[in-house]
Amino acid sequence: SVDWAEGWSPHAAITFLADHGLRAGHYHPTIVDWSADSPFRKLDDGVLPDHLIYRIAGTETAATELMLEFDRRFSNGGGPADAAFWEAASTLVQQALGYEAALKFNRTISSDESVSLTARGALVLLERDAWQLPNDSGYGRKLTIRHPAHCDPFEHLR
């Protein structure tokens, strides 16, 4: 177990989205921190399928950043792929920060806006980026939950 002041247990965080087919792999050291990623979860059978991926990052002993990323290849509004993202996002907020935080997140979100809120001292950031490619109306969404103990390894470069 990990004290809340340090972050989340990496072993627990790996399983936060297992029920959504997004169990992260082995938590391991990288050049700048420790991390684990889930395999891509394809959300349709297209040539370029919409997909989700779940990532965690932190220190050797505590996960301090959780990320859920969604790539929507062709934006045709709503649909099962978008629903899969929103369901997984709500679950991640609840697993990481509790039921009350998930309720706050669900009341605050909008499908086309970026949102930033705090819960239990953690930053919850939802970003949407439209792709600027010709004839492509796809977009990406990213939910980031950053624990107060998170240290950006590149902060000194800014």
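Tutor: A charge is said to sit over a ring if NZ of Lys or CZ of Arg is within 6 Å of the ring centre and within 35 degrees of the ring normal. The model is predicted, so local features need pLDDT of at least 70 and side-chain atom pairs count only at pLDDT 80 or more, whereas totals for chains, interfaces and linings use all residues. Residues are numbered from 1 along each chain as its sequence is written, and side-chain values use heavy atoms, with hydrogens and water left out.

Let us begin with Trp-4. The charged end of Arg-120 sits over the ring of Trp-4, at 3.9 Å from its centre. Trp-4 is partly exposed because its relative accessible area is 28%; buried means under 20%, exposed over 50%, and partly exposed in between, using a 1.4 Å probe and protein chains only.

Rings may also meet each other. Rings of Phe, Tyr and Trp (its six-membered ring) pair if their centres lie within 6.5 Å; planes under 30 degrees apart count as stacked, over 60 as edge-to-face and the rest as tilted. Five aromatic pairs are found in a search of the whole structure. In one of them, the ring centres of Trp-4 and Trp-8 are 5.9 Å apart and the planes stand at 80°, so this pair is edge-to-face. Trp-8 has a relative accessibility of 6% and therefore counts as buried. The pair of Phe-85 and Trp-86 is also edge-to-face, because its ring centres are 5.0 Å apart and its planes stand at 70°. Phe-85 is buried, with a relative accessible area of 0%, and Trp-86 is buried at 19%.

These last two residues belong to a cluster: ring pairs link Phe-85 and Trp-86 with Phe-70 and Tyr-139. Tyr-139 has a charge over its ring as well, for the charged end of Arg-128 sits there, 3.9 Å from the ring centre.

Another arginine, Arg-72, lies in strand S5, residues 63-72 (strands, E, are DSSP runs of at least two residues, and helices, H or I, of at least four, numbered from the N terminus). Arg-72 is buried, with a relative accessible area of 4%. Its side chain is joined to that of Asp-50 by a polar contact of 3.1 Å. Such a contact is a pair of N or O atoms within 3.5 Å; within protein, one must be able to donate a hydrogen and the other to accept it, and residues adjacent in sequence count only if both atoms are side-chain atoms.
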